[in-house]
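Please look through the chain shown below, and keep it in view while reading the briefing that follows.

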Amino acid sequence: MSDQASTAAPPKAGLADLLRHSADLITGLQDPSGAYPASPTFSAYRGYSWFRDGSFIAEAASRAGARWKEAKLTDSATRFHRWCARILTDREPHIREIVAAQRAGHHVPERSMLPTRFTFAGEDGTDEWWDFQLDGYGTWLWALAAHGERTAGDLTPFRAGASLAVEYLAAFWDRPCFDWWEEHNEHRHLSTIGAMVGGLEAIADAQQPDGTSLLPVATRTLARRGAHAAREFTSEHGIGPDGALRKWVGSTEVDASLASCITPFRLVPPGSPVARATLDRICADLEVGGGVHRFRADVFFGGGQWPLLSCFLGWALADSDPELARTYLEWAVAQTTPTLDLPEQVPTHLLHPSHLEEWVERWGTVATPLLWSHAMVITLADVLGLT
């Protein structure tokens, strides 16, 4: 691992103050529908909520609610999960139609697939977007199962939505789609596969407070078969000659989102040779001074460093090297604005600075605050026992 993370600057604000501010942002900005805005003012994100971002935000709210014994935070996570479940059940006829078509061997056009983001009202967006992404539905299943286990809550209201998500992912898990960063829909991305495996396995194991399974036997079997097939695919096609997970099948590059394949999704076991090789590549290729880039070819706002990715890297390292993990948390905390807001990315070490201005002209300044950044600080601090 790089020793540069140890040079992280002292936090501009105390961790406790940032955690409190982050929790207040999450609950204060949550829409009455239950949706979390990705960023309240950023032009391209305004008015939309993602399953992926929102699920990690809900995980942070769930963790903080349990740790601080604040019902408001726990209820916030529950409301988001209810919003996701409703979106899926509202689309039940369509989901069943495309799943049946896939099973019958018919081609399902990309325009028929579920979008990655929705309006707060739960409607499909009208803006053109890189919409076909599968990872958010797996991430939601994982976060829902974690929330239910943490709170010992009744998950019955979410059963229908979760079952539809299982059917959707089991049918389409091996189809190329856009990745976390909404790029390259022609590839199978390993971070996407990791999210699907993590979600399918978690929801298959999810239990009600009385010890009974959340899902019926047939749906649990479908989830486990889908996850097993995706694991087999990863073993055969997802590991490069250096022993690390690939950014996508056929690539020799690494992507910082691959840290999630170790923790929390467990596509590869923490401490395994593949996990170690993947983390070594992320640190060698993408980490500078504690900040983590998405991937080497990233030109979005010049290719800056993302606080949430420093937190993902710290999360993946938390069990094996908590002191190093803490330095990544410290770097993320140090990126706060004077008003304690965290941005999507920072320009202190741009990979491609000549591309910065074109994005500023297109969409304005970097998204700030980004709720996903705040959520990951809460999560990593909780994992490290600092909340």
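Ser22 counts as buried because its relative accessibility is 0%, where buried means under 20% relative accessible area, exposed means over 50%, and partly exposed lies in between (1.4 Å probe, protein chains only). Ser22 sits in helix 1, residues 15-29, and helices (H or I, at least four residues) and strands (E, at least two) are DSSP runs numbered from the N terminus. Setting aside residues up to four places away in sequence, Ser22 touches His374 and Ile378, with contact meaning heavy atoms within 4.5 Å.

The model is predicted, so local features need pLDDT of at least 70 and side-chain atom pairs count only at pLDDT 80 or more, while totals for chains, interfaces and linings use all residues. Residues are numbered from 1 along each chain as its sequence is written, and side-chain values use heavy atoms, with hydrogens and water left out.

**Confidence**

- The protein averages a pLDDT of 95, and 97% of the residues score at least 70; pLDDT is the predictor's confidence in each residue, from 0 to 100.
- Over residues 1-12 the pLDDT is below 50, although this stretch has 32 contacts in the model beyond near neighbours in sequence.
- Where pLDDT is low, the predicted coordinates should not be read in detail.

**Cysteines**

- The count of disulfides is zero, a disulfide being a pair of cysteine sulfur atoms within 2.5 Å.
- Cys177 is in no disulfide, and the nearest cysteine sulfur, which belongs to Cys261, is 13 Å away.
- Cys177 counts as buried because its relative accessibility is 2%, and Cys261 counts as buried at 0%.

**An enclosed helix and a cavity**

- Helix 10, residues 307-317, is largely enclosed by the rest of the structure, because eleven of its eleven residues are buried; among them are Pro307, Cys311, Trp315 and Leu317.
- A search of the whole structure finds one cavity of 30 Å³ or more, where a cavity is a set of points, on a 1 Å grid over the protein atoms alone, at which a 1.4 Å probe fits but cannot get out.
- The largest cavity holds about 40 Å³ of space, a volume being the space filled by probe spheres set on the grid points, which are joined across faces, edges and corners.
- The residues lining the largest cavity include Trp173, Cys177, His187 and Met196, and lining residues have an atom within 4 Å of a point.

**Loops and backbone features**

- Ala38 lies in the loop between helix 1 and strand 1 (48-50), and Ala38 counts as buried because its relative accessibility is 4%.
- The C-alpha atoms of Ala38 and Tyr48 are separated by 6.7 Å, although these residues are ten apart along the chain.
- Apart from neighbours within four places in sequence, Ala38 is in contact with residues including Tyr45, Tyr48, Trp50 and Pro369.
- Pro369 is found in the loop between helix 12 (356-363) and helix 13 (371-383), and the peptide bond from Thr368 to Pro369 is cis, with omega near 0 degrees.
- Another cis peptide bond joins Thr263 and Pro264, with omega about 15 degrees.
- Lys69, in the loop between helix 2 and helix 3, has a positive phi of about 55 degrees although it is not a glycine, and Lys69 counts as exposed because its relative accessibility is 74%.
- Glu70, in the loop between helix 2 (51-68) and helix 3 (71-90), counts as partly exposed because its relative accessibility is 24%.

Note on methods. 1 Å grid on protein atoms, 1.4 Å probe; cavity = no way out; pocket = protein on both sides within 12 Å on 5 of 7 lines; lining within 4 Å.
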